[in-house]
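Please look through the sequence and the model shown below before reading the report that follows.

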Amino acid sequence: MRLTRRLLLPVLLSVATTATFPFTAVLGAQGTIRPDVDPRIAQLVAAVSQARLQATATTLAGFGTRATLSDTVSTTRGIGAARRWIHGEFTRMSPKLQVSYDRHALAQQGRITRDVELVNVVAVLPGKSARRVYITGHYDTVNSRRPAGADATATAAGAAPSQPLVRPTINNDADAPGANDDGSGTALTMELARVFAESGITFDATLVFVTWAGEEQGLIGSMAHAMALNAAKTVVEANFNNDIVGSSLGGNGIIDGESVKIYSLGPEDSMHRSLARYIQRVAGTYVPSHTIRLMAREDRFGRGSDHSSFAAFDFPAVAFREANENYTRQHSPDDKIEGMDFRYLAQNARVNAAAAASVALAPPAPRVTTAGGTATIGRGPSGYDASLQWAASPGAVAYRIYSRDAWTNDWQKSQVVGNVTQLLLPNVSIDDYVFGVAAIGPDGHESLISAYVSPVRKMTDVLLRK
Ligand SMILES: [Zn+2]
């Protein structure tokens, strides 16, 4: 996000005198007023094309099925044709994109009912640094409806017909157009690859656009990828995962084309929640007509998506979901283009674009723990102050300190401090407030907020006399 502040304030300040978000003006390095909106990001957001999103989703649905275990030889039907088309589209968009297949030779396991080569399609837009910001959706689909005449006992116990389970009896060649699940997230990912590559902006972070396979078999493609990232010690700043984001008409008849849900794994001060709050703030600046509904849970009941593969390795990750889903259409031959609202999908793409661009232009989030994981916060020399320390973020010119009452779940006060790595707040109890720190880059872009987290107490066994 673009920040609004005088950049060089005294290092010492009192929480009681800090201002509240949002602000309205900023002083840049030259002392001139800098608006909240970075015109480069505004231009990038404006470049999102509803028509292209529609064309892309229509082509994806036209492959008939994109099931992970479907045909890979046909040029017109099945997951092989789909991934070759996605790869070709990424390649045609811009020479700046490094396009590749991310291949994983899978053994039969779980819902993968035979050995198969699983292939994610990846487009990388290199930044000044190697740390990565991911925008993702899954291009595989599933038709989990049992064939006519199949044993109905599986649903007799009261499970909804739309219950999204992939059964072993599944027909991988049956129609599964997946226009919305997840043609919507795939089209969004591809559209953002185009607008980011064409933006002319040199981002600090490297942007990675991935369309996953194997999501419907248990997030297999994203998990294989995240495992490799973790093994390579790759730094991942954020994962914007989009799964079912293209319809404004719920199965219950309620229409909402003006809001989107963002799911994130807790606890409250996890970096996943930090990312979710960040997106909400940035959207308020660049896409104010769209409402962001933060969901304090990893996902819907009994459902999942690829953000969880990233969260499993502590890579900050969220999932975007449309406001009102139509469960009946999902995982069926009825997930067609006719059920889509591309004006709505375009709005969700703009929110992704604005927030991902902001993260990618900002310095990394400051580290607020020791190497051993202990929060670098204390009570200061007096024993009654708040003493905050953090590691310097490369490229930062200032930091913003956030605070809130310890019972609330979103930041209430903030204050910009200079290019320092510690702060003493006299007579402020670290037990009464939660504190966080964000890094600010030379252009005013701010990182995610790293919070000082009180660790869960480790209990000891009580020894009883025999
Ligand atoms: Zn999905």
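Where is the place of Asp182?

Asp182 sits in the loop between α4 (153-156) and α5 (183-198), where helices (H or I, at least four residues) and strands (E, at least two) are DSSP runs numbered from the N terminus. This is a predicted model, in which local features need pLDDT of at least 70, side-chain atom pairs count only at pLDDT 80 or more, and totals for chains, interfaces and linings use all residues. Residues are numbered from 1 along each chain as its sequence is written.

Asp181 and Asp182 are joined by a cis peptide bond with an omega of about -5°. A cis peptide bond also links Gly266 to Pro267, with omega about 5°, and Pro267 belongs to the loop between β8 (259-263) and α7 (271-286).

## Two positive phi values

Most residues other than glycine have a negative phi, and most peptide bonds are trans. Leu219, although not a glycine, has a positive phi of about 60°, and its place is the loop between β6 (206-212) and α6 (220-231). Leu219 counts as buried because it has 21 C-beta neighbours inside 10 Å; a residue is buried if 20 or more other C-beta atoms, placed from the backbone, lie within 10 Å of its own, exposed if 12 or fewer, and partly exposed in between.

Ile244, in the loop between β7 (236-242) and β8, has a positive phi near 70°, and Ile244 is buried, with 27 other C-beta atoms within 10 Å.

## The nonpolar core

The largest nonpolar core has 125 residues, and those with the most contacts inside it include Leu207 and Ala356; such a core is a set of buried Ala, Val, Leu, Ile, Met, Phe, Trp, Tyr and Cys residues joined through C-beta atoms within 7 Å. Helix α9 (residues 342-361) supplies the largest share of this core, 14 residues.
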